[in-house]
Amino acid sequence: MAQGRGEVAAFDEGQALVLWCTAMPDLRQAAIAGRWTDRLERAASRVRAGGSALDACRQFDLLDAESAAEPTRNAGTPDCMPVYPSTRSPRLPRTGRGEYGCPRGLCMRHDHRDDNGHPPVCALFDNEPMLPTGATP
């Protein structure tokens, strides 16, 4: 069902988990620089154990804390999540054939091999390689 102007779809747990996973490399770099690594890793452990990704995203200012309706960083619309929601990422655009999905089957993130042919990894689960989905772009 299409939404009219002014209506905003709620950002759900699944979309928050994708955002959390893709933001982890940048968050970890910021945490090291700001000396709040312990706080970030406690939140990551809670999410890995099945805790709320929405709460974790709010805690680290990835979502608007008031509405949780949309990401505060450039993450696109909730129904069309890009592979990398943050334009701050130093990573080069991904190329190669085939899509990869979450190694644990927990989130709907999809990605492609990098320019050197390496499969993408899941930052949330200790850089586990993502698994081929069988889809080719």
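**A loop residue, then the rest**

Analyst: One place to begin is Asn127, which lies in the loop between strand 3 (121–122) and strand 4 (128–129). Keep in mind that this is a predicted model.

User: Where does Asp61 lie?
Analyst: Asp61 is in the loop between helix 3 and strand 1 (100–101). Its phi is also a positive value, near 60°, and Asp61 is a residue other than glycine. Asp61 is partly exposed because its relative accessibility is 48%.

User: Stepping back, how many helices and strands are in the protein?
Analyst: The protein has 3 helices and 5 strands. From the N terminus on, the order is α-α-α-β-β-β-β-β.

User: How much of the protein is buried?
Analyst: Of the 137 residues, 35% are buried. As for contacts between residues at least 6 apart in sequence, 51% of them join residues at least 24 apart.

User: Now the helices. At what angle do helix 1 and helix 2 cross?
Analyst: The axes of helix 1 (residues 13–34) and helix 2 (residues 37–48) cross at roughly 160° and come within 10 Å. The cut-off for roughly antiparallel is over 145 degrees, so helix 1 is roughly antiparallel to helix 2.

User: Why give both an angle and a distance?
Analyst: Because two packed helices are described by the angle between their axes and the distance between the axes.

User: Left-handed or right-handed crossing?
Analyst: Helix 1 and helix 2 make a left-handed crossing.

User: Which residues meet there?
Analyst: Helix 1 brings Leu17, Trp20, Met24, Leu27, Arg28, Ala31 and Ile32. On the helix 2 side they meet Thr37, Leu40, Glu41, Ala43, Ala44, Val47 and Arg48. By class, this contact of helix 1 with helix 2 has 10 nonpolar, 1 polar and 3 charged residues.

User: Tell me about Thr37. Which residues does it contact, sequence neighbours aside?
Analyst: Leaving aside neighbours within four places in sequence, Thr37 is in contact with Ala31 and Ile32. Thr37 lies in helix 2 and is partly exposed, since its relative accessible area is 31%. Thr37 and Leu27 are 10 residues apart in sequence, with 8.9 Å from C-alpha to C-alpha.

User: Which residues touch the most other members of the largest nonpolar core?
Analyst: Trp20, Leu27 and Leu124 do, in a core of 30 residues. Helix 1, helix 2 and helix 3 (53–59) each supply at least two residues of this core. Helix 1 gives the largest share, 10 residues.

User: What does Leu124 contact?
Analyst: Beyond its neighbours within four places in sequence, Leu124 is in contact with Leu17, Trp20, Cys21, Met24, Ala44, Val47 and Arg48.

User: Last one. Is Gly105 buried or exposed?
Analyst: Gly105 is exposed, because its relative accessible area is 63%. Gly105 is found in the loop between strand 1 and strand 2 (110–111).

User: How far apart are Gly105 and Met130 in space?
Analyst: Gly105 and Met130 are 9.5 Å apart, C-alpha to C-alpha, and 25 residues apart in sequence.

Definitions and conventions
Residues are numbered from 1 along each chain as its sequence is written. This is a predicted model: local features need pLDDT of at least 70, side-chain atom pairs count only at pLDDT 80 or more; totals for chains, interfaces and linings use all residues. Side-chain values use heavy atoms; hydrogens and water are left out. Axes are lines fitted to C-alpha atoms, for helices over the stretch in contact, and angles run from 0 to 180 degrees between N-to-C directions. Helices (H or I, at least four residues) and strands (E, at least two) are DSSP runs, numbered from the N terminus. Angles under 35 degrees count as roughly parallel, over 145 as roughly antiparallel, 65 to 115 as roughly perpendicular and the rest as oblique. A crossing is left-handed if the near helix is turned anticlockwise from the far one by less than a right angle, and right-handed if clockwise. Contact means heavy atoms within 4.5 Å. Ala, Val, Leu, Ile, Met, Phe, Trp, Tyr, Cys and Pro count as nonpolar, Asp, Glu, Lys and Arg as charged, and the others, Gly among them, as polar. A nonpolar core is a set of buried Ala, Val, Leu, Ile, Met, Phe, Trp, Tyr and Cys residues joined through side-chain atoms within 4.5 Å. Buried means under 20% relative accessible area, exposed over 50%, partly exposed in between (1.4 Å probe, protein chains only).
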